[in-house]
Amino acid sequence: MAVYHFDLCARGRLEADEDGLEPASAEEAYLEACAAIPPLAAELPSVGDHPRRYNFVVTNEVGQVLFEISFREILDR
(Lines give C-alpha, C1' and ligand atoms only; values in the text may rest on other atoms or scores of the structure.)
Protein backbone atom coordinates (compact mmCIF):
# COMPACT_ATOMS: atom_id res chain seq x y z
CA MET A 1 0.00 0.00 0.00
CA ALA A 2 1.13 3.55 -0.73
CA VAL A 3 2.14 5.87 2.08
CA TYR A 4 0.86 9.45 2.04
CA HIS A 5 2.42 12.20 4.14
CA PHE A 6 0.33 15.13 5.38
CA ASP A 7 2.81 17.96 5.86
CA LEU A 8 1.48 21.03 7.63
CA CYS A 9 2.45 24.37 6.12
CA ALA A 10 1.95 27.86 7.57
CA ARG A 11 3.76 31.17 7.33
CA GLY A 12 6.59 29.74 5.24
CA ARG A 13 7.24 26.85 7.65
CA LEU A 14 6.69 23.21 6.83
CA GLU A 15 6.09 20.67 9.59
CA ALA A 16 6.85 17.33 7.97
CA ASP A 17 4.71 14.28 8.64
CA GLU A 18 7.44 11.70 9.17
CA ASP A 19 5.17 8.67 9.58
CA GLY A 20 2.41 9.16 7.04
CA LEU A 21 -0.73 7.11 6.60
CA GLU A 22 -1.75 4.31 4.26
CA PRO A 23 -5.18 5.16 2.87
CA ALA A 24 -6.43 3.00 0.01
CA SER A 25 -6.01 5.71 -2.64
CA ALA A 26 -5.10 9.34 -3.27
CA GLU A 27 -8.81 10.15 -3.12
CA GLU A 28 -9.01 8.61 0.36
CA ALA A 29 -5.91 10.60 1.38
CA TYR A 30 -7.63 13.78 0.22
CA LEU A 31 -10.78 12.94 2.19
CA GLU A 32 -8.75 12.13 5.33
CA ALA A 33 -6.92 15.45 5.08
CA CYS A 34 -10.21 17.33 4.65
CA ALA A 35 -11.70 15.55 7.68
CA ALA A 36 -8.65 16.39 9.81
CA ILE A 37 -8.82 20.13 9.14
CA PRO A 38 -11.82 21.18 11.30
CA PRO A 39 -10.61 19.60 14.56
CA LEU A 40 -7.05 20.84 14.01
CA ALA A 41 -8.32 24.32 13.13
CA ALA A 42 -10.32 24.39 16.36
CA GLU A 43 -7.10 23.95 18.38
CA LEU A 44 -5.03 26.64 16.65
CA PRO A 45 -6.62 29.78 18.15
CA SER A 46 -5.80 28.51 21.66
CA VAL A 47 -2.09 28.72 20.75
CA GLY A 48 -2.50 32.13 19.10
CA ASP A 49 -2.60 30.99 15.48
CA HIS A 50 -5.12 31.67 12.74
CA PRO A 51 -6.22 28.41 11.06
CA ARG A 52 -7.03 29.97 7.69
CA ARG A 53 -3.29 30.52 7.13
CA TYR A 54 -2.57 26.78 7.10
CA ASN A 55 -2.41 24.19 4.31
CA PHE A 56 -1.83 20.47 4.11
CA VAL A 57 0.75 19.50 1.51
CA VAL A 58 0.14 15.85 0.71
CA THR A 59 3.06 13.91 -0.71
CA ASN A 60 3.74 10.31 -1.63
CA GLU A 61 6.48 8.11 -0.18
CA VAL A 62 9.13 9.60 -2.48
CA GLY A 63 8.25 13.19 -1.58
CA GLN A 64 6.33 14.09 -4.74
CA VAL A 65 3.63 16.68 -3.98
CA LEU A 66 0.27 15.23 -4.95
CA PHE A 67 -1.95 18.09 -3.84
CA GLU A 68 -2.33 20.96 -1.40
CA ILE A 69 -5.43 21.67 0.65
CA SER A 70 -5.97 25.10 2.10
CA PHE A 71 -7.61 25.13 5.52
CA ARG A 72 -9.49 28.21 4.32
CA GLU A 73 -11.02 26.19 1.47
CA ILE A 74 -12.46 23.64 3.89
CA LEU A 75 -13.42 26.03 6.70
CA ASP A 76 -15.26 28.40 4.36
CA ARG A 77 -17.61 25.69 3.07
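**Close-up views of a predicted model**

**View 1. Helix 1 bends at I37.** The bend in helix 1 is about 30° at I37, and the proline P38 follows within four residues. The model shown here and in the other views is predicted. Helix 1 covers residues 26-43, 18 residues in total. From first C-alpha to last, helix 1 reaches 26 Å. That is close to the 26 Å expected at 1.5 Å a residue.

View 2. A29, A33, C34, I37 and A41 of helix 1 are buried. The packing partners of the buried residues include three strands: strand 1 (5-10), strand 3 (54-59) and strand 4 (65-70). Helix 2 (71-75) is also a partner.

**View 3. D49 sits in a loop.** The loop runs between helix 1 and strand 3. D49 counts as buried because its relative accessibility is 15%, under the 20% cut-off. Its side chain makes a polar contact with the side chain of R11 at 2.7 Å. The side chain of D49 also makes one with the side chain of Y54, at 2.4 Å. Beyond neighbours within four places in sequence, D49 is in contact with R11, L44 and Y54.

**View 4. H5 lies in strand 1**. H5 is buried because its relative accessible area is 13%, again under 20%. The side chain of H5 reaches the backbone oxygen of D17 at 2.7 Å. Leaving out residues up to four places away in sequence, H5 touches D17, E18, D19 and G20, among others. V57, V58, T59, N60 and E61 are also touched by H5.

Key:
Residues numbered from 1 in each chain as written. Predicted model: local features only at pLDDT ≥ 70, side-chain atom pairs only at ≥ 80, totals over all residues. Heavy atoms only, no water. Helix = DSSP H or I, 4+ residues; strand = E, 2+ residues; numbered from the N terminus. Expected span 1.5 Å × (residues − 1). Bend = angle between axes of the 7 residues up to and from the residue. Buried < 20%, exposed > 50% of the residue type's maximum accessible area, 1.4 Å probe, protein only. Contact = heavy atoms within 4.5 Å. Polar contact = N/O pair within 3.5 Å; in protein donor to acceptor, adjacent residues only side chain to side chain.
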